[in-house]
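Dear colleague,

I am handing over the structure below, and after it you will find my notes on what turned up when I went through it. Please read them with the coordinates open beside you.

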Amino acid sequence: MSSTNNNNNNNKSNINSHPVGRSRSQLPTPKAKKYDRQLRLWGDHGQQAIEQARVLLIGANAVGTETLKNMEDCGSNFFVELARIGEPRAKVCAELLRELNEDVIGDFLEDRLDVLLQRDPGFFTGFSLVIASGVRHSDLLVLSDLLYDRDVPLIVCQQHGMLATCQLVAREHFVWEAHPDNPLPDLRLENPLPEFVAFCDAQDLSAMDSQRHSHTPWLVILYKFLSKWRQANAGKFPSNYAERQAVRQLIRSGERGESDLHGDEENWRQAQSAVTTALLPSKLPSNVNELFKLADQFWLRRQQLSDSSAPSEDRQAAVPPSNWLLLCRTLAEFYRQRGCLPLCGTLPDMVSDSDRYVALLNIYRRAADADLVEFSRLLRVVCLDIGLSADSVPASQIALFCKNARHLRLVKTASYRELSRPLPQTVARCLEETAEAGPSPFWWYLLFHACDRFHTEFGRFPGDTDDVNFLADAGQLKLKCQQLAQDWLASLATTSAAGPTSAPEDLLHELCRFGRAEVHSVAAWMGGVLSQEGIKLITGQFVPETRTMLYDAVSQTFLPVF
Amino acid sequence: MALHDVQSSPGTDNRWRHVRRLLERAGPLGGPEFEPDPELFSAIRSDLVQILVVGAGGLGCEMLKDLALSGFVNLHLIDMDTIDLSNLNRQFLFRPKDIGRPKAVVAAEFVERRVSGCRVTPHFGKLEDKPLEFYRQFMCIVCGLDSVQARRRLNQIVCSLVQFDESDQPIPTSVIPLIDGGTQGFQGHCRVVRAHATPCLECTADLYSSTQQGFPLCTLAHTPRLPEHCIEFARIMQWPQEWPFGEEVPVDGDDPHHVDWIRTEACKRARQFGIREPDFRLTQGVVKHIIPAVASTNAVISAQCVTEVFKAITGCYPLLNNFANFSDIEGVAVNVVPLERNPQCDVCGQPPPKPLTFNSRDSLQTVINQLKSEHGMTRPSLTACVEGRDVTLYMDLSFLRDQLADNLDKSLAELGLLSNTVLNVTDSAQSGMKPVTFVLNLEDGMET
């Protein structure tokens, strides 16, 4: 297996080869049939990424096995599950893993995880994704430190009875296809395509018969009246609600108001309601702006390194940037030169006759294709400039990138080390909020950590005993919780300003009641969520959840902890 | 391999200790009347607690498995379909050798094999094939259906099981909690229905939007714009003209040859209009109205529903109140909404008709007297459906009183009223009052 330093590249680079679904006769392959319903959600390239991913699951517990099962159902078949060795799936580092047997559970597993982390850290960094379920805090620190800088995403989760927390830990994760629910169409009415202008100018609304009039696409109608308004307003583009409404009124005045054979003029109504979304001034989305800054910073650093007069051994080995960084750099360049992003090229459906709708589609598609050609040219220059080959990025990936340009984003979290030690100000705020509103996800989260400390000291979880007197553990748990809260608040100047650092009795009691029980349906819920988050990370599609979250199956809520 | 074997080790129920913790230990966040009791666990593990799962599709099978792993041992599963080629993506449950067998039967076998001690009784058939009494035996019903009609039918069944006491309050033991789950791609919902306490599924019928793509025929015929239009034209118009696979042989979306024929015709039409040509996947998606589905959403919604089933049966925690949305397209979002009942609901909005017991020889006046003395009416007016026609029996309004006065002395038999006739009664003294329905119970009379 190729040892690139960047896992993101691994899964995205074979988009071109053997798409899952196609065959000469166009009839679906058995695999395409099998995964038909989910292929419609993430496409052949997404499915391929899932099947090629190598996932490590640490945690032979309910949440872990449920997550595994769901990902298998989606076609992920390259798993190593640290607790179930000896199964056919354990394809990697078999020698090391054969030492562990199926009896590995609970404490014993965690000891061995410890050992493994020491003895063979390289084992862990070879995966596309690591899921750690029910792993103790001290091991997570080591694990995360290992994975974070090597950009192997980690999903961490814990379950206590009816509650479960989860957290994604990833230094950098690039979202190629966010698939927003209701994206604005990319129409460029502010600076219309020349071919589009010519097409519209050739249409004479007043000379049309009722059939043509009622089947004129709203985009043409909107453009015509927009132009009229602009002419009457010194060429400016509508910049506020009132001005957009004025355009709408103009359109309304153009309606014929007669119903013909084919019903009333729905296209004219569409034109009026499109005013709200089609006439918004275009501006660079902040997520894209962030990417520009990142790319520029990266290039600046490279420049500084190569200009540096330090001896070559001290110079950081030039790390080739990942494809997304190359593409973002190119996008920034494109934007600088053209003042806009590459055109998306698609149009929403609208009432129209066939020839005009198709003509419009073709106009936009041709313009998008031209932008893509220009973009690809710029990319080649960027690559060569940096010493990479001109075709470092596959054509299909470039096309995908441009098509989704407006929605691209980089998702990132702090390391587990930082995330699990919240800032004192954050802690103080959460404690204060709780004091007013009652128990919150933050308290549960604090208690989960306190349980971990309890476990470290006593070798079991509070309440995890057959003893009828399970509540006896509450006292110690309360102490641990207080210590932890004070720890977290330690650097705050005035610790007294914070709310109570004493966990509400109710919550202590409930946790002891659970005794770390793995309620199946709660584990299954979390397993469902985590498997999808894992797929997001593997495919680079859809936006992952980056906050620390708590699932409460009692209130059926899923809320951020901080 | 998806479902890990849960073997029972001799002499211990250690695998269920998680469940026992919830049932045998008290906790401050539990249900308001919850009393921990070892008997609860025994009850769950006994035949006494019967649960019905409706639907053996992706969601239903997941629910079955979750219920079994939550400790329930007496499960029933009803589904009207047999397994075909297109279901084999749920490989962990259905294998090629199962093609043609009822889904409910195969799913039941699978779960029984994997979770020892759990009994699953499959029912191959439609909801309406079962008598009402069949449903009465269940302590909870959970459904993972993909059709609005089936949901509404199930809802009617569950609501009609409810019995009322003298003060028109639903008798708690007759109210079977209905947990309804649904998924579509990365979104889903879970809701809890307790008839007459929460909205029933009919109260909010408009929530379930249809995913049918209805294109106007004139668009298909004259002004297609999209590949989908070309596909639908081939399916709706060309197919019944050419009968490519035999006279009157309908389109079978699961037959790839049928789909490919449609695709070929659609491509011809697309080329004619300059439209992008559809591929096989798009064609089949349109022909079959395929809703994209993924294992993770089914897992989430199923689990949420089963948590509610567990709560409903044990009372260990309060139930979801009462509708939860789920979406994990962007981040992960869960949103709980307490939906309200619809007082005009056709299914649960009307109070049940109250019985009025008389003799067929009794006069209408007798009925009116009883309405006044025992049902709090002052000036009742009555209409009834007699021989298929709505008849006004009496109206206590000044300008009509005399016209219908003759009816007062007539016997119920003379007026053509039989047992089970429904009377609609309003009280002129209470303006804006909704009609109250009564049903006649004639001790000696004939029935409608």
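This is a predicted model: local features need pLDDT of at least 70, side-chain atom pairs count only at pLDDT 80 or more; totals for chains, interfaces and linings use all residues.

A:E457 belongs to helix 20 (residues 441–458) of chain A and A:K480 to helix 21 (residues 473–489) of chain A, so the pair ties together parts that are 23 residues apart in sequence. A:K480 has a relative accessible area of 6% and is buried, because buried here means under 20%.

In chain B, B:E265 pairs with B:K268, where the closest N and O atoms are 2.9 Å apart, and both residues lie in helix 9 of chain B, three residues apart, about one turn of the helix. Here B:E265 counts as buried, at 10% relative accessibility, whereas B:K268 is partly exposed, with a relative accessible area of 43%. Over all chains, the count comes to 50 salt bridges.

As to the fold of chain A, it has 23 helices and nine strands, and 56% of its 562 residues are buried. Of the contacts in chain A with a separation of 6 or more, 73% are between residues 24 or more positions apart.

How many residues of each chain take part in the contact between chain B and chain A? On the side of chain B there are 68, and they are in contact with 75 residues of chain A. The area buried between the two chains is about 6,200 Å², with carbon and sulfur atoms giving 56% of that area; B:R25, B:R225 and B:R281 supply 13% of what chain B buries against chain A, more than any other three residues.

Polar links also cross this interface. There are six salt bridges between chain B and chain A, and A:D464 forms a salt bridge with B:R21, the closest N and O atoms being 3.0 Å apart. Residue pairs in polar contact across the interface number 35, with both residues at pLDDT 80 or more. Several elements of chain B each supply at least two residues to the side that touches chain A, among them helix 1 (17–24), helix 3 (58–69) and strand 8 (333–337), while the largest share, ten residues, comes from helix 11 of chain B. By type, the residues on that side of chain B divide into 35 nonpolar, 19 polar and 14 charged. A network of salt bridges links A:E66, A:K69, B:E62, B:K65 and B:D66.

B:Q304 is worth a look, and its place is in helix 11 of chain B. At 1% relative accessibility B:Q304 counts as buried, and its side chain makes a polar contact with the side chain of A:Q556 at 3.3 Å. Leaving aside residues up to four places away in sequence, B:Q304 touches A:W525, A:Y551, A:Q556, B:C190, B:A324 and B:V334.

Finally, an unreviewed UniProt entry places the feature "active site" at B:C218. That residue, B:C218, lies in helix 7 (residues 217–221) of chain B and counts as partly exposed, at 35% relative accessibility.

With best wishes

Methods: Residues are numbered from 1 along each chain as its sequence is written. Chains are lettered from A and ligands numbered from 1 in the order in which they are written. Side-chain values use heavy atoms; hydrogens and water are left out. Contact means heavy atoms within 4.5 Å. Buried area is the accessible area (1.4 Å probe) that two parts lose on being put together, summed over both. A salt bridge is a side-chain nitrogen of Lys or Arg within 4 Å of a carboxyl oxygen of Asp or Glu. A polar contact is a pair of N or O atoms within 3.5 Å; within protein, one must be able to donate a hydrogen and the other to accept it, and residues adjacent in sequence count only if both atoms are side-chain atoms. Helices (H or I, at least four residues) and strands (E, at least two) are DSSP runs, numbered from the N terminus. Ala, Val, Leu, Ile, Met, Phe, Trp, Tyr, Cys and Pro count as nonpolar, Asp, Glu, Lys and Arg as charged, and the others, Gly among them, as polar. UniProt positions are given in the numbering used here, feature names are shortened, and annotations may be inferred rather than shown by experiment. Buried means under 20% relative accessible area, exposed over 50%, partly exposed in between (1.4 Å probe, protein chains only).
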